[in-house]
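Please look over the sequence and the structure before reading on.

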Amino acid sequence: MTYSLRLVSTLAGHDQRVWQAKWNPAAKLLASCSADRTVRLYQYARKESTITLDLATVIDTSHRRSVRSIAWAPSGKLLATASFDSTIGIWEGANGLAGSVPTEWECSSTIEGHENECKCVSYSSTGTLLATCGRDKSVWIWEVQPDSEFDCISVLMEHTQDVKCVAWHPTAEVLVSASYDNTLKLYMDDPADDWYCFATLKGHTSTVWCATFSPCGKYLASCSDDESIIIWQPTGDDGGLIGEWKEICRLAGHTGPVFSISWTAAGHINKDSVTLLASGGTDGSVYLWEIKSGGTIMAERVASIEQAHDADINSVDWLEMGDDGLYLASAGDDGLVKVWELQS
């Protein structure tokens, strides 16, 4: 099947590099964070068979250094910001009627614990757990309490170097982390004891920048400074998550480190596809990969945008709008966020 990506919006406003852009899971909002220490929120609407985006508000986070990562709670009502100043901010709308987008956001909690730069933040699928990671080689798991309270329930020191990314499984309380030590780690909770690492994934030959589970939860993708993307799968015949994982597919094509990947379910577009995977990195290109399962996982690059940004691409993130289409947000060192429409 033939795909293409059409540029529908270029969002300027940040005056330094944009680290991430993330779609809100419940409201028609796109958030972006930057080295300029702000978060910009854009409201989108469906008009004339595509979407338009307008700036809703700018959050001056008061972080002392770059806002490196953002994460929406599943409810869409809370936004977490992770900063190089070692803290995590939790933001919630302070105004707006029910169903409308708040134009004012307040910091309801500041989470401290990391010794230095915090690199990534991620909410679990239930919104009851928050994971963070940082340059201090640690992964922290926080339990979300009422009234914006966060209790640390585990500090995991499994990596030997800077931890770049944490991401939750879409349905299970299983966490993955990716590190400068070239490995990925998988964690789960032992109810009788504590969170623990149950698998270490080795395959990349350089820094692993990003890891994310597929929407179906059966696969894991990771991308690296070694210019590759690896698809992983549990080794057990029963498909259980707990245990060892193995490399089942390796994607090559980028001409530099790959910084970000994002899955989207593709079954409603092509019944033979498990998913579409988008990737971006230092070559400034966005690649689109179709992942198929016919007993053996197969991957094919089905679309590319060369020089999608005139600089490193730090983030890609899919928005699924059902019958209204699929849209991809990309963010780069050029200070821009771009939104692309998938066409097939």
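Strands, like helices, are DSSP runs numbered from the N terminus, and a strand has at least two residues. In this predicted model, Glu149 is placed in strand E13, which covers residues 149–156. The protein chain has 28 strands and zero helices.

**Overall form**

- Along the principal axes, the C-alpha trace spans about 50 × 50 × 35 Å.
- Of the 344 residues, 57% are buried.

**Negative patch**

- Glu143, Asp147, Glu149 and Asp151 form a negative surface patch.
- Glu149 has a relative accessibility of 48% and therefore counts as partly exposed, since that class lies between 20% and 50%.

**A buried threonine**

- Thr264 belongs to strand E22, residues 258–265.
- The relative accessible area of Thr264 is 0%, so this residue is buried.
- From C-alpha to C-alpha, Thr264 lies 7.5 Å from Glu320, although 56 residues separate the two in sequence.

- The structure holds eleven salt bridges, one of which pairs the side chains of Asp317 and Lys22 at 4.0 Å, N to O.
- This pair links distant parts of the chain, with Asp317 in strand E26 (residues 313–320) and Lys22 in strand E2 (residues 18–23), 295 residues apart.
- Asp317 is buried at a relative accessible area of 13%, whereas Lys22 is partly exposed at 24%.

**Salt bridges of Glu117**

- The side chain of Glu117 meets that of Arg65 in a salt bridge of 3.1 Å, N to O.
- Arg65 sits in the loop between strands E5 (50–60) and E6 (67–72), and Glu117 in the loop between strands E9 (105–111) and E10 (118–123), so their pairing ties together parts 52 residues apart in sequence.
- Glu117 counts as buried at 11% relative accessibility, while Arg65 counts as partly exposed at 38%.
- Glu117 also meets Arg135 in a salt bridge, at 3.7 Å, N to O.
- Because Arg135 lies in the loop between strands E11 (129–134) and E12 (139–145), and Glu117 in the loop between E9 and E10, this pair ties together parts 18 residues apart in sequence.
- Arg135 counts as partly exposed, with a relative accessibility of 48%.
- Through shared partners, salt bridges join Arg65, Glu117, Lys119, Arg135, Asp162 and Lys164 into one network.

Definitions and conventions
Residues numbered from 1 in each chain as written. Predicted model: local features only at pLDDT ≥ 70, side-chain atom pairs only at ≥ 80, totals over all residues. Heavy atoms only, no water. Patch = residues over 30% accessible without salt bridge, like charges linked within 9 Å, V, L, I, M, F, W, Y side chains within 5 Å. Areas by Shrake-Rupley, 256 points an atom, 1.4 Å probe, with all protein chains shown as cover. Lys, Arg positive; Asp, Glu negative; His and termini not counted. Charge placed at Lys NZ, Arg CZ, Asp CG, Glu CD. Helix = DSSP H or I, 4+ residues; strand = E, 2+ residues; numbered from the N terminus. Buried < 20%, exposed > 50% of the residue type's maximum accessible area, 1.4 Å probe, protein only.
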